[in-house]
Amino acid sequence: MKNTFIIGRQREIETLERCYKSKKSEFIAIYGRRRVGKSFLVSEVFDGKIAFSTVGTNIKDGNKNFETYRRLQLDHFYDSLILAGLDGRECQRPSCWREALLLLRKLLESVKTRRKVVFIDELPWLAGPQSAEMVAELGFFWNSWAGRQRNIVLVVCGSATSWMLDNVIHDYGGLHGRLTETIRLSPFTLAECEMYYKKNGFRLSHYEMCVAYMVFGGIPYYLDKLRNGLTLNDNIDNIFFADDQIRQEFKDVYTGLYASKERYVDIVKALGGHFYGMTQVEIATALKLKSGGTLSGLISNLIESGIIREYPRYGKSRVETVYQLKDFFSLFFLRFVEGRQVKKGAWNTLSGSAAFFTWAGESFELLCAEHLTQIQNALRLPSIDRNYCWAGKSADGNGAQIDLVLESRPARTDYICEMKFIGSKFAVSQDDESNFLNKISAFLTSKMHNRIHSIQFVLITTLGLAKGSHSSVVNSCVTLDDLFRT
């Protein structure tokens, strides 16, 4: 199969192509953040090979008007069957999901191709608020017929991550154990973003691609909104500051992910105000919730959807699990748009301000955390056994904060990483050297340092290290160019 319009996604493409070439029926579930490109991936890989496709519609007030909601989804499903070739003169509109899926079976039995691809997009919306009927009948459709045909490729997609996990991927009913492949679609990496820019005629520097990534993340939908006739600053200004629709887009991200978006948005907003993250107890306190199973479930769903990440923080009497908002679009929106009156041209003023460099410095640290593989390759590490943040004190009582420690047992080395976002080569000042040495000293005497390990101090920065009288404190330097390598 040729996939000339798809950027990156090689692993996912290989999985879908392998399923198409299989000699048995395949049931594939794809989930991920809204706007990440799930529908595009399936449509492109199986271009011209889809026997039937349909998409659920997000209808407001579905819980209050369930029968109306169900009727509309069934009508959309039936209309899709007619468009796919079902003879409407012989088949009445279905009144329930059992009838609807029997009509799908009838359609597929009439298709004469060797492999029959069925694509159900936004399955959570199609199933609706009271989804048990749809899920049960889909399970019956697969178990009683489709799974036995040996030539069906059923692909279901959904942005509602919690629903997909609970009702499809971790289902213990009719779908239990029936999935043959599960794909969690992630945002583009920096390298994939660069491929996108080149393919679409952009001539951005790695520095500007980095800034764009810290604004939009690697979300294809937002990259498609960029215009190569405008500067990056003007593009950011047009998308975030010239159109109030951006506020609705933020809401839509979470409406698309979850049925009860308000609780998730509250967590995201709380984390947005604490860049370096919060513990579950801190989140519960901030939102006046119980730190129990319900909150744990909400946090778990946010992690699965790629909105937040969890990482260990060492240095206190016990290890703390910290949750950090990692969705760059949400971070940028909450920092510069939420709760503010913005107007066109605002970003051109903000982009050179102290607020910009504070945001960029923090966001660059997160960008590095999202590209650990590239950092590992740049340092030529055979493996990383642990990565974490650490806070403590040196022997003289000075506090020390290390945002990224990479522990490599094969190399018998702990790598202390310092991230610096700057528009030129980083020149280590005397104060910088003292600060770096304090961090090394504090970590060297901590419980986290393995006494048979050496310590390497790594600077991760945009354009590299400037040689000077204090630069020898840095053992290795990883540049922005290294983060773009595949």
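Guide: Gladly, and please keep in mind that this is a predicted model. One place to begin is helix α20, residues 430–444, whose 15 residues should span 21 Å at 1.5 Å a residue, and because its end C-alpha atoms are 21 Å apart, the model agrees with that expectation.

Visitor: Which residues of α20 are buried?
Guide: The buried residues of α20 are Asp432, Glu433, Phe436, Asn438, Lys439, Ile440, Ala442 and Phe443.

Visitor: And what covers the buried residues there?
Guide: The cover includes the strands β8 (386–393), β9 (399–408), β10 (413–420), β11 (426–427) and β12 (454–461).

Visitor: What is the order of the strands in the open sheet?
Guide: The open sheet is formed by seven strands in the order β7-β6-β8-β9-β10-β12-β14, and their pairing is mixed. At the edges are β7 (320–325) and β14 (476–479), each of which pairs on one side only. On average, and with direction ignored, neighbouring strands of this sheet are turned by 35 degrees against each other.

Visitor: How does α20 sit on the sheet?
Guide: Helix α20 packs on the sheet and touches β8, β9, β10 and β12, while its direction makes about 65 degrees with that of β9.

Visitor: Take β6 and β8 then: parallel or antiparallel, and how many bridges?
Guide: Strand β6, residues 308–314, runs parallel to β8, and two bridges join them. Tyr314 stands opposite Trp390, a residue in β8.

Visitor: Changing topic, where does Leu154 lie?
Guide: Leu154 lies in strand β4, which covers residues 152–158.

Visitor: Buried or exposed, and why?
Guide: Leu154 is buried, because its relative accessible area is 0%, and the cut-off for calling a residue buried is under 20%.

Visitor: What does Leu154 touch?
Guide: Leaving out residues up to four places away in sequence, Leu154 touches Glu26, Phe27, Ile28, Val118, Ile120, Leu138 and Trp142. As for distances along and across the chain, Lys116 is 38 residues apart from Leu154 in sequence, and the C-alpha atoms of these two are separated by 8.3 Å.

Visitor: One more: which helix holds Ile303, and what does Ile303 touch?
Guide: Ile303 lies in helix α15, residues 293–304. With residues up to four places away in sequence not counted, Ile303 touches Arg184, Ile308, Glu310 and Tyr323.

Visitor: How far apart are Ile303 and Gln324?
Guide: In sequence Ile303 and Gln324 are 21 residues apart, whereas in space, taken from C-alpha to C-alpha, they are 9.5 Å apart.

Note on methods: Residues are numbered from 1 along each chain as its sequence is written. This is a predicted model: local features need pLDDT of at least 70, side-chain atom pairs count only at pLDDT 80 or more; totals for chains, interfaces and linings use all residues. Side-chain values use heavy atoms; hydrogens and water are left out. Helices (H or I, at least four residues) and strands (E, at least two) are DSSP runs, numbered from the N terminus. The expected span of a helix is 1.5 Å times one less than its number of residues. Buried means under 20% relative accessible area, exposed over 50%, partly exposed in between (1.4 Å probe, protein chains only). Contact means heavy atoms within 4.5 Å. Two strands pair if DSSP finds at least two bridges between them. Axes are lines fitted to C-alpha atoms, for helices over the stretch in contact, and angles run from 0 to 180 degrees between N-to-C directions.
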